[in-house]
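Some questions and answers on a two-chain model follow. Please look at the sequence and structure first.

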Amino acid sequence: MTLPVQGPVQGAASRAGSSSIAPPAASELLHAVTQRPPGMAWNGTAYTGARLSHLDTDAARNTPGVVDIVVRQDFIGIIASQPGQAQQARSRLQPGWAMPLPAPEATAASHARLGSNNTPHGPNEERISHTYFWPAPRQQAPAWAIAHRSGDTLVVWTHTRHSEALRRELAQLCGLAEDCVRLIANGQTDSEGYDVAVDAALLSRSCGRPVRVQQDPDTFNTKPVSIEVSARPAAGDTSQGQAGSGNAAPPAGELLVSASLHAGHRPSIAAMLCGYEAGQPPAHIVRIADYAPQARHAEPGSSQPYAGMLGLPAAAQVFAQESFFDEACGLQGRDPVQARLDAIDNATGRELIASVAERAKWSSPRKSGKNSYEGRGFAYAHVIDQTQQPPREVWSAWVADIRVDPATGAIDLTGLTVGHNAGALQTPSAPRIEEDVRRAAARWLQDASGHDSWGATADTDFPLAQSATQVQLVEQGPVGLAWSHDAELPAAAAIANAIHDATGIRLRQPPFDSGELKQRLALAQSGGRAKKTAYALLGGMAAAAGSLLVAAMPWRPAIAPVANVDTSIYSAAAIERGRLVAAGGDCMVCHTAEGGVPNAGGLALETPFGKIYTTNITPDKETGIGAWSYAAFERAMREGIHRDGRHLYPAFPYTAFAKISDADMQSLYAYLMTQEPVKNRVEPTQLPFPYSARPLLAGWNLLFHKNETYQPDSSQSTLWNRGAYLVQGMGHCAACHSPRNALGAEKSGEQNFLAGGFAEGWEAPALNALSKAPIPWTEDELYRYLRTGYSSLHGVASGPMAPVVQSMAELPDQDVRAIAHYLGTLAPAPSTEASPALQAARLEEQSRNDQRVLSLAGENLFQGACAVCHDAREGPPLFGARPSLALNTNLHSDSPDNAIQILLHGIDNPAMAELGYMPGFGDSMNDQQLETLLEYLRMRFAPDKPAWEGLPEKIRALREGES
Amino acid sequence: MKRRTETQTLVVNGQTHQLQVEADTPLLYILRNDLQLNGPKFGCGLGECGACTVLVDGVAARSCVIPVKGVAGHEVTTLEGLGTPERLAPIQQAFIDQQGAQCGYCLNGMIMTLQALLNRNPHPTEQQIRNELKFNLCRCGTHVEIMASAVQAAQAQP
């Protein structure tokens, strides 16, 4: 039974560390997290963001497991023996931050407009300034780093694309020679560990032990890069530059990258916060007319240490500068192509631009009807790719022609004229290049609907239906058309400029969402709005009437079984999308019996009407859904009708699934039908009369079911709509979290939506304004809870919520963020008077000092059974989370159900293994002891709430329910 | 209900083991019954007394309430992993020198919990030692000797 696989190392013996390439053993590691200021900024030489004004570390320092709290200027790090303990301590820190006043010049810049003379600064002081956003590079996993400083050496395990710069910075910060700093790759090839590496090094230096730091889940992968470009008119009076006057100087621009947490144009965040100053003025000011951004980071020893050092993507830089150039030209009334030709000294660039413009017939007049919604845009890039030996220059110029459908916001690429010049000779065939060009452009267009696009994973979406794009390639120079990805750089800006030309609307963040465009178009011409709404209302009413007729039919025909479902027509992308829909809908949670095969059904769901057994949804022909056509599947999902015409009980949440979009529904079908069929006949559901009469459900549906897909609310953001769609649709959160009426239907009305309900013997707490959580939920805490199963301000996901969090782990980060965002708008507004940390400290203080409680009979039970893990300040830190009971939602709830459930059964299947386990006390405590303990817990940890009533009956009922 | 066994990979005292067990089995049972590591003791079975304490990634853990699946990917250290009869760990030597044992049943927990403390704080104060051992139960009353052992071990740290 036992097979030792390998066994040389004694865990504790490998402390020498630095000579070995393997990171220190887990038992030797300390873990750390950092607390960042709310607003960080870097002006190119020094940190200019929020400053730490005061910090109370006592509560955090007393958190069990904390080793040290390190504060250096504005840098705060918490070292503990486990990551969870460090996070818990962080939530107890009470830092105060002082926001810096904006510099006067920056204030002027954000308001002044080129060409207006009414500011007090005079024309030469005026600047225009715009911020552009670029999607953050995708990472598969949060970056981590381990640093071990011992003696005169520092060893760091991490992955960075900028190892030379990192080594230099670490040496400088730690006062070591560069050859005493050793970097070892940790195998994370697609994560950027620059910042965490410096965090870890600073903290290891302070405690002399190996320290591991991992990027917080909410700081990776989510925030777009922001790039601020501002320009001052060049010498000479350009504020009066005239259209077509070839002599006016083009706008000189400088590129400022705001330190929006992106690793770009700045040292590490830790170094910034420690007061590190770059020795030289910002080296990244470039003339906007003909710049050569360093496409890859600079060579070590370059004279401009921070120019592009951390790899602001060249594409982001080109997008920002080209959009800006176009905007500036627009304000001056100049033609962007002509302005560029006037400004460029570089002959190759000039020739390329001229020939692309000629080929695209740039200067020939176009029909410019006010409502044509056609437009064209120009963009140019000249970059140096330093990863090549020798470094290679690439010039590229794009003209994009587009048409916008004002009704949908859909952007149609009608033509692309692309010229480029790169110093390489391989020449793929032209059709292949055309395809690359088309793809490079289409990448920046996003589907209109937004709420059902799996945006964070673009490859899972269905390709956009585009009409054929005319592609013209311009050959130039002797090198021919060797395609280089750097030649794609101007694509996004060319499209943005064309959209502006067509609609007057400037989009500053790719990919360009047609939903957003539609919204802004509607805003721009809100005159025609009322009429449309009225039509929409009429249409909606007609549709509703139709569905009433259908739904009221008590008997529905069977849909003939199909002999074979041809699954070969489903693309891998559609199946993958369906997998995400299934994960978002937690299908497996209900359709898998305990210890059974996933999705083969057979789980008994306890309902107030009797036991309902879930069905086999694997594509087995006899016992599963293998003979279901798409029509049958969709009818079941949207209307709750079995293929054979039987009504399904609404324990199957078709009331929510009806909201799923067609594309998602088809993908889900594709996914389910391509899984392994499993023969498993499940026990039939037999409810007592009258519930056994399934045709009665026709009436139920008439009363309570609306068969409509989700309609986005155009007054809300795309993120909100995405969240609402996931929550109300496949996520079917309301199935548990909304109260139900006597007939088992979710109560209607806005105030009842997610107002808390009961399911499977557990209370599903209110998520709306009725939430009983002692500290109001915020978007960030919701996100943390849904992503990790634990919020140190509220508690752990347990009971039926644990598998929901497990299933949700499959969803892209952005979707979990969207759910948290939407739910955050429903939750009660957070109290403004005290920070969550302060409220937490207050609640814990109250719970500890109540002498009346400490003399209760439950004190002994608590000290014996609970305190070792749940005493907030005393006792040893044990492996796993250490949830604070004073903040626990279950103890503050009106009903004791969840507290009883957890005491009886413990937590044996936590959402994440790292959270740890809790033993059930059902077998070792009798009802009387449980009651005593519960009374004590309520009185001690929720002192402002009344005692629970009817505890003995509740305990008995829930204990019997288990068997 | 039919219980399913599955292969669990367990790293204990630097050795990797592949075990065919039910994933919900308490870690303590596996350590004692399958791996014959009898340092950790079965006391209350509810994580209350501390006799079963082991280290998981260097942090104290009550092995009677952690299922074996809960330590996948982590390193477990038992009393046997601290030292050998020939080369005792300083903490073990201290308990011998100071006569820390009466019946000795709780000592595994005392020693492992203290080792976890020394891992994160090599020079704890007496108050910190008391706080750390607060939830380790000893019913013979050797608390004075246990404290003396702990203080000696702390002084022996580099």
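A residue is buried if 20 or more other C-beta atoms lie within 10 Å of its own, exposed if 12 or fewer, and partly exposed in between, with C-beta atoms placed from the backbone. Helices (H or I, at least four residues) and strands (E, at least two) are DSSP runs, numbered from the N terminus. This is a predicted model, in which local features need pLDDT of at least 70 and side-chain atom pairs count only at pLDDT 80 or more, while totals for chains, interfaces and linings use all residues. Residues are numbered from 1 along each chain as its sequence is written, and chains are lettered from A and ligands numbered from 1 in the order in which they are written.

Q: In helix 30 of chain A, which residues are buried?
A: Helix 30 covers residues 927-941 of chain A. Its buried residues are Leu930(A), Thr932(A), Leu933(A), Leu934(A), Tyr936(A), Leu937(A), Arg938(A), Met939(A), Arg940(A) and Phe941(A).

Q: Is Asn599(A) buried or exposed?
A: Asn599(A) sits in the loop between helix 15 (587-590) and strand 20 (604-607) of chain A. Its phi is positive, about 70°, although it is not a glycine. Because Asn599(A) has 24 C-beta neighbours inside 10 Å, it counts as buried.

Q: How many other C-beta atoms lie within 10 Å of Gln73(A)?
A: Gln73(A) belongs to the loop between strand 4 (66-72) and strand 5 (75-80) of chain A. This residue, not a glycine, has a positive phi near 50°. Gln73(A) is partly exposed, and the number of other C-beta atoms within 10 Å is 13.

Q: What is the omega of the peptide bond from Pro510(A) to Pro511(A)?
A: Pro511(A) lies in the loop between helix 11 (491-503) and strand 19 (512-513) of chain A. The bond from Pro510(A) is cis, with omega near -5°.

Q: Which residues touch the most other members of the largest nonpolar core?
A: A nonpolar core is a set of buried Ala, Val, Leu, Ile, Met, Phe, Trp, Tyr and Cys residues joined through C-beta atoms within 7 Å. The largest has 207 residues, and those touching the most other members are Ala32(A), Ile78(A), Ile79(A), Ala145(A), Val156(A), Ala197(A) and Ala200(A).

Q: How many residues of chain B are in contact with chain A?
A: Two residues are in contact if their C-beta atoms, placed from the backbone, lie within 7 Å. Strand 1 (3-6) and helix 27 (858-870) of chain A each supply at least two residues of the side that touches chain B. Chain A contributes 35 residues in total, and chain B contributes 44.

Q: How far apart are the C-alpha centres of domain 1 and domain 2 of chain B?
A: The bounds, from an automatic or database domain assignment, are 5-81 for domain 1 of chain B and 90-156 for domain 2 of chain B. The contact between them takes 14 residues from domain 1 of chain B and 13 from domain 2 of chain B. The C-alpha centres of these domains are separated by 21 Å.

Technical notes: The expected span of a helix is 1.5 Å times one less than its number of residues.
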